Amino acid sequence: MRRPASRGSQACFRPRARSVESLVRIVRLFEKFTVIPAIDLKGGEVVRLLHGDMSKATVYGADPGETARRFEEAGAEVIHIVDLDGAIAGTPRNVDAIARIRASVKCAIDVSGGLRTIEAVRATFLSGADRVSIGSAALLNPELLRQACVEFPARVFGSIDIRDGRLAVKGWVETSQLTVAEAADRFRAADVAALIVTDIARDGAQVGVDAARMEEIAKAVRIPVIASGGVATLEDIRALGTRFGAGVVGVVVGRALYEGNFGMSDALAAAIR
């Protein structure tokens with residue numbers, strides 16, 4: 001049974017007040033297959049990496065707030081934000097850029113990258129995040145994941161990055177000895193709301209998703225899975241959407257949107273079964 005956060009912690013770390021409408025949208029997340037646009041931040045700019053390589057970053061804009069606003073206007077209900085510099089440094093680095101995104105949109109935002117202490121998690125919620133995604137820290141420090149889920153129930157996502165069947169950690173520069181199943185056990189025990197699974201070999205490459213593999217992972221881990229990596233066409237979104245009943249509840253889309261393969265509104269339409 002989940003232990004409630006203490007009255008003191010709730011008072012100190014209550015996130016910024018949101019409108020009733022926005023809170024309802026957050027609660028209803030994943031009642032249907034959800035398309036989630038991604039904003040990756042490097043040096044305050046909007047970028048996309050190729051295969052998770054920080055040296056292979058393509059810049060798509062200098063104003064992350066404007067990028068987020070365009071996604072919301074096209075119908076996005078949640079935006080996935082990755083602090084790439086923070087993931088490498090082990091502490092948030094693009095705080096100002098994330099603040100600009102929060103000030104620009106009313107939709108839910110999910111923030112990841114550099115969240116390796118409970119203080120960093122609390123500060124991220126205070127800055128306006130609706131959810132956070134914890135990856136490397138959850139594997140290296142399971143107590144942090146447990147504490148975050150206790151203090152912020154139903155607002156913490158787990159995140160695993162897969163390269164050649166193994167887990168990549170610390171901004172994708174190191175490989176963990178844990179298996180996917182072992183990592184999933186930790187996330188499930190902590191009671192995360194969902195698990196973002198990124199296929200690094202496909203990430204940013206627009207080579208298509210491995211929908212069958214994502215379904216296999218969802219069934220194995222018994223946690224709602226958000227697929228990430230490789231989306232190139234609307235057919236990729238449709239293929240994942242048909243696996244909603246198996247536990248694949250959403251998809252993170254990045255470069256395909258920035259390169260104009262399709263628009264956000266088209267992606268949302270493709271997700272409707």
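How many helices and strands make up the secondary structure of the protein?

## Overall make-up

In this predicted model, the secondary structure of the protein comes to 13 helices and twelve strands. The protein has 273 residues, of which 55% count as buried, and its accessible surface comes to about 11,800 Å², with 51% of that area belonging to carbon and sulfur atoms.

## Cysteines

The count of disulfides in the model comes to zero. Cys 107 has a relative accessibility of 1% and therefore counts as buried, since the cut-off for that class is under 20%. Cys 149 is likewise buried, with a relative accessible area of 1%.

## Helix α10

Helix α10 spans residues 211-221, and its buried residues are Ala 211, Met 214, Glu 215, Ile 217, Ala 218 and Val 221. When the helix is viewed down its axis, these buried residues fall within an arc of 160°, which means that they line one face of α10. The face turned away from this buried side carries Lys 219 and Ala 220, both of which are exposed.

The buried residues of α10 pack against several other elements, among them the strands β7 (156-163), β10 (194-199), β11 (225-228) and β12 (248-253), together with the helices α9 (180-190) and α11 (234-241). Just after the end of α10 comes Arg 222, which takes a positive phi of about 60°.

Technical notes: Residues numbered from 1 in each chain as written. Predicted model: local features only at pLDDT ≥ 70, side-chain atom pairs only at ≥ 80, totals over all residues. Heavy atoms only, no water. Helix = DSSP H or I, 4+ residues; strand = E, 2+ residues; numbered from the N terminus. Buried < 20%, exposed > 50% of the residue type's maximum accessible area, 1.4 Å probe, protein only. Areas by Shrake-Rupley, 256 points an atom, 1.4 Å probe, with all protein chains shown as cover. Disulfide = S-S within 2.5 Å. Arc of directions from axis to C-beta. Contact = heavy atoms within 4.5 Å.
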